[in-house]
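Here is a short tour of one protein chain. Look at the model first, then read on.

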Amino acid sequence: QAGEDYMQYRIFGLLFTSIGVMFRAFFVAVTRTKVLMMNAVIMTVANVVFNYIFVFGHFGAPEMGIAGAALGSVLAEATAALHFFLYTFFYIDRGKYQLFRFRSGGFGLIREILNVSVWSMILYFLTIGTWFLFFVAVEHLGELPLAISNIIRSTSTLLFMPVNAFGATACTLVSNADDVIPIVRRIVKMCYAIVLPLIALLCLAPHWILLIYTNDSSLIAECTHSVYVMSSFYLIALPGNILFQS
């Protein structure tokens, strides 16, 4: 029932997420990645504010609980999409890139794009599908394994964000440069310089990080070994992700 309450509002986020994906692809392609950082900050702040309002019922809003969390996330994504639109409208040469214009007879170009992108689509489908099957399997093991998996997945975003950001940057730079391999090497080194201290922090004091999610000492103890495995994984995933994006 809680899942249905959440999905009742969360499903509308697909529209704003799709808009965000398109704008992110555009800004990566034109090497305006600072906009993405700004947008991420705006969406995060909006998410915190809207969740605070609708989950707990502040400023005259109803106390919606888990449904409020879904509504807050949707509104945060809508805010991020609005920022993309406004920034593009005021700061991007729309005529140069033929933005917001739809030409007839563009099916040949669409076919070419699909021919190139279909393998990426399959890849992401398999990636997300694997996550889905994993959580379906874990859910049948009971509440404790499911809680551990969700906490570790959330904790992993601390490492995933810089790895993914450097990967997207590598994708942009190698598309606009000749010296691909030296650029990739430098990006890998810079990413390691940021991620290795985070891995050390997670491994040396996992309980302090896990306290963000729960104050249940037994659950924290159960999560600790998974933190070590997840941290070790990123030592390999870091160069792998950057090379794949490149």
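A crossing of two helices is called right-handed if the near helix is turned clockwise from the far one by less than a right angle, and left-handed if anticlockwise. With that term in hand, helix 6 passes helix 7 in a right-handed crossing. The model shown is a predicted one.

## The helix 6 and helix 7 pair

Two packed helices are described by the angle between their axes and the distance between the axes. Helix 6 covers residues 107-139, and helix 7 covers residues 143-174. They pack at an angle of about 145°. Their axes lie 8 Å apart.

Which residues of the two helices make the contact? Helix 6 supplies W131, F134, F135, V138 and E139. Helix 7 supplies P145, L146, S149, N150 and R153. Sorted by class, the contact has six nonpolar, two polar and two charged residues.

Setting aside residues up to four places away in sequence, L146 touches F135, V138 and E139. L146 counts as partly exposed because its relative accessible area is 23%, and the buried class ends under 20%. A80 is 66 residues from L146 along the chain, and their C-alpha atoms are separated by 30 Å.

## The whole chain

Now step back. The chain has 10 helices and zero strands. Read along the sequence, the pattern is α-α-α-α-α-α-α-α-α-α. Taken along the principal axes, the C-alpha atoms fill a box of roughly 60 × 50 × 30 Å.

How much of the chain counts as buried? The figure is 30% of the 246 residues. The accessible surface comes to about 16200 Å². Carbon and sulfur atoms hold 69% of that surface. Take the contacts in the chain with a separation of 6 or more: residues 24 or more positions apart account for 68% of them.

Start with T88, in helix 4. Is T88 buried or exposed? T88 is buried, because its relative accessible area is 0%. A polar atom of the T88 side chain lies 2.7 Å from the backbone oxygen of F84. Leaving aside neighbours within four places in sequence, T88 is in contact with F23, F27, R94, L99 and F100.

V195 lies in helix 8. At 0% relative accessibility, V195 also counts as buried. Beyond its neighbours within four places in sequence, V195 is in contact with L159, P162, V163 and L238. I236 is 41 residues from V195 in sequence and 12 Å away in space, C-alpha to C-alpha.

N51 lies in helix 3. Its relative accessible area is 18%, so N51 is buried; the cut-off is under 20%. What joins the side chains of N51 and N47? The link is a polar contact of 2.7 Å. Not counting residues up to four places away in sequence, N51 touches F56, G68, A69, G72 and S73.

A193 lies in helix 8, which covers residues 180-204. V195 belongs to helix 8 too. A193 counts as exposed because its relative accessibility is 52%, and exposed means over 50%. D5 is 188 residues from A193 along the chain. The C-alpha atoms of A193 and D5 are separated by 42 Å.

## Two loop residues with positive phi

Two residues other than glycine have a positive phi. T31 has a value of about 60°. T31 sits in the loop between helix 2 (13-29) and helix 3 (34-56). F59 has a phi near 55°. F59 is found in the loop between helix 3 and helix 4 (66-91). T31 is partly exposed at 43% relative accessibility, whereas F59 is exposed at 72%.

## Accessibility side by side

The table gathers the values for the residues discussed.

| Residue | Relative accessibility | Class |
|---|---|---|
| T88 | 0% | buried |
| V195 | 0% | buried |
| N51 | 18% | buried |
| L146 | 23% | partly exposed |
| T31 | 43% | partly exposed |
| A193 | 52% | exposed |
| F59 | 72% | exposed |

Terms used
Residues numbered from 1 in each chain as written. Predicted model: local features only at pLDDT ≥ 70, side-chain atom pairs only at ≥ 80, totals over all residues. Heavy atoms only, no water. Helix = DSSP H or I, 4+ residues; strand = E, 2+ residues; numbered from the N terminus. Buried < 20%, exposed > 50% of the residue type's maximum accessible area, 1.4 Å probe, protein only. Axes fitted to C-alpha atoms, helices over the stretch in contact; angles between N-to-C directions. Contact = heavy atoms within 4.5 Å. Nonpolar A, V, L, I, M, F, W, Y, C, P; charged D, E, K, R; others polar. Areas by Shrake-Rupley, 256 points an atom, 1.4 Å probe, with all protein chains shown as cover. Polar contact = N/O pair within 3.5 Å; in protein donor to acceptor, adjacent residues only side chain to side chain.
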